[in-house]
Amino acid sequence: MTAVARAGAGPIFSAREGRSMPVSETIPTRKRPAWLFWSLVTIVLWGTWGLVSKIASSGMNAYVNQLLYTAGLAPLLVFVAWHVRRNETGDKSQGRRVGVSWAFLTGILGGVGNIFFFQALVKGGKASIVAPVTALFPMVTVLLAVIVLGERMGRAQWAGLALAFIAIYLLSA
Amino acid sequence: MIFGVTMHLWLGFAILALVLWGITGVTQKLSTNRISSERSFLWFCWAMVALSAAVLPVAGLHWALGTLVVVCSVAGGALNGLGAWTSFRALESGGKASIVISLVSLYPLLTVLLAVILLGERLTWMQTLGAFAAIAAAILLSLEEAPKTDAR
C-alpha cells in the first residue's frame, strides 16, 4: 500500500498522504524523538474531534455542523495558502492541474463523508462507536488501491480487512 | 439485518462516511503523486469551502444555536485540520510511515475514553471488543508489506 489516506477523520487529510514527503528512515535513539511527540499530539487532536463532534451534533444538523467545521478549518487554510504562495515555483504544468483536480475531489468526498459522519452522530450513534467504525476507512482505501492503482495487499492488510468486518459486526450489536 | 449486521440508521451513515473517506485515500494519493502534500491539502480545504457554500441553502442555519455546540463544531474543524498538520510533522521529523500511521490510528481509542468519561456513554462487552478490534484492524490495514529482497 502506498501513500493513501485521509484526513481524516476521519481525520481529514490522513497521515498516509505524508508518505509522499521525503521521510527520513532514521529514528533518533537517545532523546525522545520529535515524530513520537507529533504522533501523540495527532492522536489527541483527532481523538478529541470525535468527542466535540458528538457534542455539536446534539444541537445542530449535519449540514450546519459541516459549515461551522469549515469555519474552524479556515485559519489553517489561510496559513497553508500563505505558505504555499511563499514557496511558489511557478510550475503550471498539466500534472499540477490534474493533481489539483484530484485534491479538490478529495475535499468534496471528504466533506460529504464528514456530513455522513455528523449525520450518524445526529441519528443517535454513540461517539464511542461511530469513531471506531469510521476509522476503518482504510479498508476501502486498501481495496481500491488494489483495484485502481494495481497495488498488492500484504498479509497484515488481509488480516486487517477480516478484522474490520468482525469489528463492524461486534460494534453493531 | 444485512449479513448478520443489525442495520441501525446511524450505522448506515457511519458506513457511508467510511466508504467516502476510504475513496479519498486513493484520490489523495493520485493528487500527491503530482503535487506537494501542502498544495494538495490547500485545495482539499478549498473544496471544503466550496462544499459548505453549496450546502448553505439547505443547511437551515439560524441564530438560536447554543454557544457550546457552536464552539464544539468550530473547534472540530480546527482540531481535524491541525491533526492533519501534526501528522505531516511526525512524518517529516523522521518517523517511519508504518509506525507513525499505525500509532495515529489509535485516535479512536481516545474518543472512546473521552465519550465514556465525559459523555457517560456505555458500551456492551461486544461493542467494547468491537472497538478494540476496529482499532487493531486500522493498524493492520496501515502496515505495508516489506519489499521482497532478491536473495541472489
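Leaving aside its neighbours within four places in sequence, which residues is B:Thr111 in contact with?

Author: The model is a predicted one, in which local features need pLDDT of at least 70 and side-chain atom pairs count only at pLDDT 80 or more, while totals for chains, interfaces and linings use all residues. Residues are numbered from 1 along each chain as its sequence is written, and chains are lettered from A and ligands numbered from 1 in the order in which they are written.

With neighbours within four places in sequence set aside, B:Thr111 is in contact with A:Gly47, A:Gly50, A:Leu51, A:Ala127, A:Ser128 and A:Ala131. Two residues are in contact if their C-beta atoms, placed from the backbone, lie within 7 Å. B:Thr111 sits in helix 5 of chain B; helices (H or I, at least four residues) and strands (E, at least two) are DSSP runs, numbered from the N terminus. The residue counts as buried because it has 29 C-beta neighbours inside 10 Å. Buried means 20 or more other C-beta atoms within 10 Å of the residue's own, exposed means 12 or fewer, and partly exposed is in between, again with C-beta atoms placed from the backbone. B:Ser93 lies 18 residues from B:Thr111 in sequence and 26 Å from it in space, C-alpha to C-alpha.

Along with B:Thr111, the buried residues of helix 5 of chain B include B:Tyr107, B:Pro108, B:Val112, B:Leu114 and B:Ala115. The expected span is 1.5 Å times one less than the number of residues. Just after helix 5 of chain B, B:Gly120 has a positive phi of about 70°.

Now the interface as a whole. It takes 130 residues from chain A and 116 residues from chain B. On the chain B side, two or more residues come from each of helix 1 (9-32), helix 2 (37-59), helix 3 (67-92), helix 4 (97-104), helix 5 (107-118) and helix 6 (125-142). Helix 3 of chain B gives the most to that side, with 24 residues. By class, the side of chain B that touches chain A has 74 nonpolar, 32 polar and 10 charged residues. Here Ala, Val, Leu, Ile, Met, Phe, Trp, Tyr, Cys and Pro count as nonpolar, Asp, Glu, Lys and Arg as charged, and the others, Gly among them, as polar.

Helix 6 of chain B has 18 residues and reaches 26 Å from its first C-alpha to its last, close to the 26 Å expected at 1.5 Å a residue. Its buried residues, among them B:Gln127, B:Ala134, B:Ala137 and B:Leu141, pack against helix 4 (127-134), helix 5 (138-148) and helix 6 (155-171) of chain A together with helix 4 and helix 5 of chain B. Not counting residues up to four places away in sequence, B:Ala137 touches A:Leu136, A:Gly160, A:Leu163, A:Ala164 and A:Ala167.

B:Ala137 also belongs to the largest nonpolar core, of 95 residues, where the members touching the most others are A:Val130, A:Leu136, A:Ala167, B:Ala14, B:Ala134 and B:Ala137. A nonpolar core is a set of buried Ala, Val, Leu, Ile, Met, Phe, Trp, Tyr and Cys residues joined through C-beta atoms within 7 Å. Helix 1 of chain B supplies the largest share of this core, 11 residues. Domain 1 (1-17 + 32-125) and domain 2 (136-173) of chain A both give residues to this core, so it lies between them. The domain bounds come from an automatic or database domain assignment.

Helix 2 of chain B is the next element. Its buried residues pack against helix 2 (62-86) and helix 3 (94-122) of chain A together with helix 1 and helix 3 of chain B. One residue of helix 2 of chain B is B:Leu51, which counts as buried because it has 21 C-beta neighbours inside 10 Å. Outside four places in sequence, B:Leu51 is in contact with A:Ile108, A:Gly111 and A:Val112. Helix 2 of chain B bends by about 25° at B:Ala53, and a proline, B:Pro57, follows within four residues. The bend is the angle between axes fitted to the seven residues ending at a residue and the seven starting there. Just after this helix, B:Gly60 takes a positive phi of about 70°.
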